Amino acid sequence: MSEDFRPRSEFLQTLLLRGYVHQCSDLEGVDAKAQSGELVAYIGFDCTAPSLHVGSLVQIMMLRWLQKTGGKPIALMGGGTTQVGDPSGKDESRKILSLEAIEANKAGIASVFSKFIAFGEEKTEALMVDNAEWLTALKYVDFLRDVGRHFSVNRMMAMDSVKLRLERDQELSFLEFNYMCLQGYDFVELNRRYGCALQMGGSDQWGNIITGLDLGRRLGTPQLYALTSPLLTTASGAKMGKTAQGAVWLNEDMLPVFDYWQFWRNCEDRDVGRFLKLFTELPLDEVVRLESLGGAEINEAKKILATEATSMAHGRAAALLAEEAARKTFEEGALAESLPSINIDAAEIEAGLGVLAAFVKAGLVASTSEARRQIKGGGLRVNDAAVSDERAALARGDVASGVIKLSLGRKRHVLLKLV
RNA sequence: GGGGGAGUGUCCCGAGCGGCAAAGGGGGCGGACUGUAAAUCCGCUGGCUACGCCUUCGUAGGUUCGAGUCCUACCUCCCCCA
């Protein structure tokens, strides 16, 4: 990447300044294309899970910026390629998903996407397409003759995704070996169908993307471009988007908005600036101001990060509600109505629901054994009072304004709402 | 085809003379300290109707009062010879 390159398009300026760019095959080329107002770009998404999590957020944001700056984004659902499985960055082969599971996952992902990007037929409205559309219709022999002839096995063997498996003597099935060919073919197909000239993705996708570029050249498409974003880790090196409780999902039914807000609120000091640039749309000078806050003041920046990021995924109203719930809970020590909650039959309380069972029910602990351990460690609280007796039961008297507040540690809270 | 080695607590790595719910890390969770941060220190890290019971060491059998540990077969992976 040339250091002194000065982009003229708003699209590239934004991506470069906000830290989205890791590698690009041809910045000038992409810039010119973006300038012309004809840039169509795509990112492919696996259909391996029923939703998307924070790990995909960088990619989603790139498509969002593309749309905001006058380009047309394409979200490519890997309905076809997911049937094959990408070996990139994986030590072992992935389980092959059933077609029904892939379909269901696709629907979940689509609903998340629509929060971030506007879909439709207009020029800058995004398209969502599924590569199963063309991949499953391919005839094997035809594909080999038309496309396979352009792939050099010698080169494929040298690709990191393949090389790694071979070096470690790990199985790489022929099925997976074909993945990059299919992804390469996707790019060409999207170019033919929609004039898509740029594929973006995480840095681990560089090899796959470049394969598409080469294939395009050999098959006579116009010049294609590649752009990857850095692989995101937190300042302390952990993979982005995974927490103890699991992935940080972008949809509410898999992760309560309160928890999503908390995820951002609890980021490390060193990450605030970077995250503000990548995951919010605050002007850069504001970001600079916020990240320069020192000491405890950086907490203000974290709150803004949390609310801004949450607004995008769940809407402003829900984000403000989460912010308010956090303020009440952490700053005032008061009861916040909008904490994550589960309904519980009043009769169960009357009957004397044991604390152990209650915490399991609330999902704060995985088993009664864990609940016992947490009690020993002083980690469980009912209405902010530490539980010391594992045989205690919840009672009518614990109910305040219709709820009982259960807490695990300082940060995780669930309200039992009596019904 | 022949010879040798490996598979351990379902997050990962990794010890394990026949008495083992199984050493030690990492990670994670909880506590203390803080700023809902980082660093540090301490505790916990199979399940249950819980001073007891049940299920765990690639799979299936066997020897034994008793098996992760010994024997047999099978599966998977690695190394050497062909």
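Which helix holds Q183? In this predicted model, where local features need pLDDT of at least 70, side-chain atom pairs count only at pLDDT 80 or more, and totals for chains, interfaces and linings use all residues, Q183 lies in helix α10. Residues are numbered from 1 along each chain as its sequence is written, chains are lettered from A and ligands numbered from 1 in the order in which they are written, and side-chain values use heavy atoms, with hydrogens and water left out.

Helix α10 spans residues 179-194; helices (H or I, at least four residues) and strands (E, at least two) are DSSP runs, numbered from the N terminus. Its 16 residues reach 22 Å from the first C-alpha to the last, close to the 22 Å expected at 1.5 Å a residue, the expected span being 1.5 Å times one less than the number of residues. Of these 16 residues, 13 are buried (under 20% relative accessible area, with exposed over 50% and partly exposed in between; 1.4 Å probe, protein chains only). The helix is followed by G195, whose phi is positive, near 70°.

An unreviewed UniProt entry lists Y42, Y179 and Q183 under "binding site"; the positions are given in the numbering used here, feature names are shortened, and annotations may be inferred rather than shown by experiment. Y179 is also found in helix α10 and counts as buried because its relative accessibility is 5%. Q183 is buried as well, with a relative accessible area of 6%. Leaving aside neighbours within four places in sequence, Q183 is in contact (heavy atoms within 4.5 Å) with Y42, T81, Q199, Q205, N208 and I209.

Y42 itself lies in strand β2 (residues 40-45), and its relative accessibility of 1% is why it counts as buried. Beyond residues up to four places away in sequence, Y42 touches several residues, including Q183, D186, F187 and L190. The side chain of Y42 also makes a polar contact with the side chain of Q199, at 3.0 Å (a pair of N or O atoms within 3.5 Å; within protein, one must be able to donate a hydrogen and the other to accept it, and residues adjacent in sequence count only if both atoms are side-chain atoms).
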